[in-house]
Each structure stands twice: as structure tokens, then as C-alpha cells.
Amino acid sequence: MTALTGRVALITGASSGIGAATARLLAARGAKVALLARRKDRLDELVAQITTAGGTALGLPVDVTDADALGSAVAQVSTAFGPVDLVVNNAGIMLPAPVEELRADQWQHQIDLNITAAMHTIGAVVPQLVAVAGEGRPADLINTSSIAAQNIFPNFAVYSATKAYITHLSRHLRAELGPKDVRVSAVEPGIVGTELQGHVTDPGALAWLAGARETVDWLTPEDVAEVIAFTAGLPRHVNLQQVTVMPTRQA
Ligand code: NDP
């Protein structure tokens, strides 16, 4: 276990699931954590938990699809904690549906959040990451992708494509920012029990999820948080480019 003392972490999608578990773990390992998501009550609760446990946390209720609001939130983090050096770019939504249903609203929602907001997050934090790395300190951009970036699941085409974008983007950005000592990683979890599945309405995808519940011991958000903390805690010259973490029984 590597300490993350002195690190300043910014986590999007921190109000539940993988983001919340990651916030707890990074704070427990010594990082100051800034929590971004829309639900203020959830963020307040998480800040209280982390603070009670001896950590340092700041909750910033923000819709990350609003680029201006996101930029202001990132500025508030650096004012409070100093430059951000560990970004977990994690907010996301999964809305599977057969393409023939023409759910353009759902396509757009996934593209706006999983791709466009992720890009705006990157744009808002990269100058700080480059500056921190230039001072000889670790700097990490960790993007939450998915096994869906690699594998085929029923009616998941648009979601999967957003995650393939994130994995491929991460590889490109690693090549671009690595020479400046900024590490870029894509973490690709298999199925994790979170609120993500609660947004699914498509019967085909629901049937697939129900089957997977019966046959697979799903990952927990804490399992993925361990991978993220491990990635950030490696020596500065070591960059996990792409980490796929699967439930043992998931094909
Ligand atoms: P959750 O639904 O538990 O978490 C999603 C988070 O995103 C919440 O904190 C939510 O907070 C936040 N969010 C959603 N919309 C916005 C918005 N417009 N602005 C700000 N925050 C927003 O799901 P997970 O923890 O599972 O998902 C986290 C990431 O992991 C996602 O990118 C997902 O695609 C990915 N992933 C998940 C897997 C799984 O099986 N669960 C597998 C592989 C990848 P709020 O509603 O408060 O805004």
C-alpha cells in the first residue's frame, strides 16, 4: 500500500459508486479529495464521513456537462487545496437500448456526459497536471473507461462507443503528456454493483444484467478504488496505460 500523502485529488462522479469509494480510499491514504457531482446531500454526507475518519474533503455540487460551472469548481479546488495532481475522470451514465428504437435523447445524454464532459474535465485540469509534473511531483489523469470499450454486450452500442472513445483518447493523451511526466491511464472495469444499473430501462439489457447477477460475483466499487489508488501510488516513472479489472467469473 502506497501513501498518497500530500496529493490533491479531484474526482468526478464522486457522489456514489466507484467515485465515492475512490474518494474514501484516496483520503484514507492521505490525499486531499475534491468531490464533484450534482447531488449535494450525497456529497455533504461523504465529506462528513471522510472528515470524521481524519481525512480532508471538499464537496462541490456541479453538473459536469456545464463547462463553465465545471471550470469554476476546478478553480475552487486549487484555491482550497493547491494545484490538482490526481484526477479521477469518472462521472458517467449507461443507457443501453436497441439502435432501432432511435433513442436520440439517450445517445446524446451518454455522449454529453461520458465524452464531452470528460473532455472538459481534462481541459480544465491538464494545465495544473503539467505544472505539477514540471516541479518533479507525480501527476495523474485516470479516466474511468469500461470493459464495454473492448467487449460486446446486448444493446450497449452507444455506451460502449463512448467508453472506446475514453480508452483510445487516454492512449493518445498518454503519448502527448507522458513526455511532460503526466501519467494517463484508462481503468476498464467489468461489471460493478453501483447505481449505474438503476438507470437501465431496456428489457434486453435488464435481462442480461439479471443473468449476470446470477452467474457472476460482481466487483464492488471498493475493488475498483483499490486499482485506482494502486495506479496513482506507483513510482513516478511507471504508468499503467490501460487496466482491465474483471469479476473472475465474467467472460
Ligand atoms: P454511479 O451511477 O454510482 O455513479 C455515477 C456518478 O456520476 C454519480 O456520482 C453521479 O452523481 C455522477 N454524475 C452523473 N451525471 C452527472 C453530471 N451531469 N454531473 C456531475 N456528475 C454526474 O455509477 P458507477 O460508479 O458505476 O459509474 C462510475 C463510472 O464507472 C462511469 O463512468 C461508468 O460508466 C463506469 N463504469 C461502471 C461500471 C459498472 O458496472 N458499474 C463498469 C465499467 C465502468 P450525481 O447523480 O450526484 O450527479
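**Ligand shell and helix packing**

Student: Which helix contributes the largest share of the shell around the ligand?

Tutor: Bear in mind that this is a predicted model. In it, 30 residues surround the ligand, and the closest are G13, G17, R38, R39 and G92. The largest share of that shell amounts to three residues, and these come from residues 17–28, which form helix α1.

Student: How many residues of the shell around the ligand are charged?

Tutor: The shell divides by class into 13 nonpolar and 12 polar residues, with the charged ones making up the remaining class. The charged residues of the shell number five.

Student: How are α4 and α5 oriented, roughly parallel or roughly perpendicular?

Tutor: The axes of helix α4 (residues 104–134) and helix α5 (residues 157–177) come within 9 Å, and they cross at roughly 10°. Because angles under 35 degrees count as roughly parallel, the relation of α4 to α5 is roughly parallel.

Student: What classes of residue make the contact of α4 with α5?

Tutor: On the α4 side the contact is made by W107, Q110, I111, N114, I115 and A118, while α5 supplies V158, Y159, T162, K163, Y165 and I166. By class, the contact has eight nonpolar, three polar and one charged residues.

Student: Which elements cover the buried residues of α7?

Tutor: Helix α7 covers residues 221–233, and its buried residues are P221, V224, A225, V227, I228, A229 and A232. What covers these buried residues includes α1, β4, β5, β6 and β7.

How values were computed. Residues numbered from 1 in each chain as written. Predicted model: local features only at pLDDT ≥ 70, side-chain atom pairs only at ≥ 80, totals over all residues. Near = placed C-beta within 6 Å. Helix = DSSP H or I, 4+ residues; strand = E, 2+ residues; numbered from the N terminus. Nonpolar A, V, L, I, M, F, W, Y, C, P; charged D, E, K, R; others polar. Axes fitted to C-alpha atoms, helices over the stretch in contact; angles between N-to-C directions. Parallel < 35°, antiparallel > 145°, perpendicular 65-115°, else oblique. Contact = placed C-beta atoms within 7 Å. Expected span 1.5 Å × (residues − 1). Buried ≥ 20, exposed ≤ 12 C-beta atoms within 10 Å, placed from the backbone.
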